[in-house]
Structure formats: structure tokens, C-alpha cells
Amino acid sequence: MTLRGEAAIIGIGELPTQRSTPGRSMIGLMGDAARIAIHDAHLTPKDIDGLVTEGGVVYPGFASEYLGIRPKFASGSSMMGASGPTGVLLAAMAVQNGLANNVLVVIGQARNPAIPMSPPGQPTFRSEFEDPYGMSAGANTGYGLIYKRHMEEYGTTEDQLAHIANNQRFNALENENSVFKGQAITHQDVLDSRYVNYPIKLLETVMPCGGAAAVVVTSAERASASLNKPVYILGAGAAVQSLTGWKRPKLTETPVAQSAPTAFAMSGYTPRDMQFAQFYDCYTILEAVCLEDAGLVPKGEIGPFFASTDTTYKGEFPINTDGGQLSGGQPGLAGGFRHVVEAARQIMGRGGVRQIERNDIGLVNG
């Protein structure tokens, strides 16, 4: 049995990403995104009989109660930045196997800088073996290590990867939902931004934000009757490695090296067939190594690729056409979900001024 063409996205919802969302709760933002997606799918809450949400902070039971739906299938998708794409995979599996007819996948994040995101945690590998070597916010140290190792192994330069941030900011300029809408930068601005953890610079990192996103997934049969152009799920894969990067056999290799071949084999397509990509991009270096591991660029050649390829929505191979997380903003785990929403938007032909010309098939990574 395969998922190929058995399920499709028929509705999308996304709130504008904001630096802060004072007075708003996570579940409230999720409710807004869910309402938009359900309406966009030309359905009502009564039509939704499946639910997938992150499941760690907001559990499916609480979410369904707040949203006013009674799903006969529900699940959490606790895969960190890949929670949204994994949620779509779970939804597709549910409709394929008759567990539900219309599954809502919704994730969000409220943000008030005055309130800590989470309480202090227990000792970890990071706190014992990484933090003592210098103060570092977020995941800067781990990705700094990957970046530096990639430079040492393949000769990748800071100048080359700066094109990622510059191109994606261009993509975000006309995106109404982007936190950096209308705020242009140059390639030199990226290079001149301060280091946050060498060799990572400020404009190569995401800005924590608030927001939410949602999609509605249904069966291929029901999708064929949708008033929207269906976005069929042709292949999928999910894999994990050790969370602590320096414990992996190869620091510059990601789980995409395992998940992408599975997805391509299921779909019947190859990396050469892809017309665009929407890839997880909390840092430029992660996007870079994931693109390599997916087979879109040979390993070690991502630097020259970005130096010579126009990856804007006007270019030869568009990547993160809404600005991605780097210039769209990262509303918690909904940040990794924005790639799914944008891919669906482009395939539906609803990209507006950012609409790409070749939009039949693309690759999404979370």
C-alpha cells in the first residue's frame, strides 16, 4: 500500500506572522487559522472529523474542545520543526485508511517577549557539553558547529550562504503574512550583520514570532469534487537522528538523507523532477545541508549552487517563495508548517505576485 495520490490538501489558513502577539493565546491563534482553513476548503466545523495538532503543549482533546469539533480520529505530531509536515503525513494516512474524511492539521504559537517561552529545563547534553563554551541563545551553537564543519569539509564560504538569506528576503517583500514585509536587505547586509555564533550571522537566523497555520486534508475522491485545486500528496518520509548533533556519525548529514529517498520512491519522481522547494530554514546552514541530503544538490556543492542560482520566486529554481522562516518569521512550531502552506498555495496558483511559473510538483521539508 502507498500514499501516492490517496490524499490531498484542499484548504489552507495562515495568520500574519508577528514579532509579538500580546493578549493572544496559542489556542486562540490556532482557532483563527483553523477557521480560515475550514472556510477556504468550503467546509464547516461539522465536516471536520479528524484533528492533528502539535500535541505537546496543546493536546488534541483540548484543541478539539476549543475548536468545537468532534473528531473520530485525533493525534499529536511532536516532531519539533517538522511537526506540521508530519501532521500532514498523519492526516493523509488517516483518510487513506478510512479513519476520517476531513482532517484539520493546525499548529500555532503565541509570543509575548515579557513572558518566558518555557520554564528552565533539566540538565542536558547541551547544558553540560555545549553551553560551557560560550553563551548561546536557541540552537546557535549546534548549527554553528554544522556550518563550520561544512566549511572545513567542502570549502563552503559565508559569502555563498549569504545568498540564501538575501534571496528569501526578496521573496518576503510582497508577502502580506511576512514579519519582514517591505523590509529589504542586500547580500552585503547579511555579511555585515553581527555574528551570533561563528560563523552564523544575525540575518542567517530566524526571529521568534507568534502566529498559526492550518490545512485541511481529505481523500483523493473527495478532493476531486473540491472547489479548490487539490494539492495531492504523492510521497512522504519521516526520519530522526540523535538530537545532539555532534553525537551523529556525520555532523553535516541530516535525517533528510533517510526521509527524502522514501518520499521519492513512493512518488515515482526524482529530485530532477522537482520544480520548486519549500525547506526548513531556521538557519541558512540547515536549509543548505537538507537541500543536499534531499538530492537536489550534490553533497558539498550547495555553496556554489546558491552563488550561481536565482532561487527567488522569479528564478530558475524557487526556494521558500514566501520568505521562509528566515524572512517570514518563525511562529514556534508553526514556522516549519509555513512551508507546507506555501507549497499548497503555489500549487493552487494562489501565490499572487509571488506565483511561480512552474508549479505542478515540489518538495517540502520540515
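Does Gly328 count as buried or exposed, and what is the relative accessibility behind that label? At 0% relative accessibility, Gly328 counts as buried (under 20% relative accessible area, where exposed is over 50% and partly exposed lies in between, with a 1.4 Å probe and protein chains only).

The model is predicted, so local features need pLDDT of at least 70 and side-chain atom pairs count only at pLDDT 80 or more, while totals for chains, interfaces and linings use all residues. Residues are numbered from 1 along each chain as its sequence is written, and side-chain values use heavy atoms, with hydrogens and water left out.View 1. Gly328 has its place in helix H12, residues 324-328 (helices are DSSP runs of H or I with at least four residues, strands are runs of E with at least two, and both are numbered from the N terminus). Leaving aside residues up to four places away in sequence, Gly328 touches Thr17, Asn177, Ser178, Val179, Gly323 and Arg338 (contact means heavy atoms within 4.5 Å). Arg338 lies ten residues from Gly328 along the chain, and their C-alpha atoms are separated by 8.8 Å.

**View 1. Strands E2 and E3.** Strand E2 (residues 50-53) pairs with E3 in the parallel sense over four bridges (pairing requires at least two DSSP bridges between two strands). Thr53 stands opposite Gly76 in E3. From E2 the chain crosses through helix H2 (residues 60-67) to E3, a right-handed β-α-β crossover (with the strands pointing away from the viewer, the path from the first strand over the helix to the second runs clockwise). In strand E3 (residues 73-76), Phe73 and Ser75 form the covered face, and Ala74 and Gly76 the uncovered one.

**View 2. Residues 117-122.** Here pLDDT (the predictor's confidence in each residue, from 0 to 100) stays under 50, and the model has two contacts beyond four places in sequence for this segment. Where pLDDT is low, the predicted coordinates should not be read in detail. The protein chain averages a pLDDT of 93, and 93% of the residues score at least 70.
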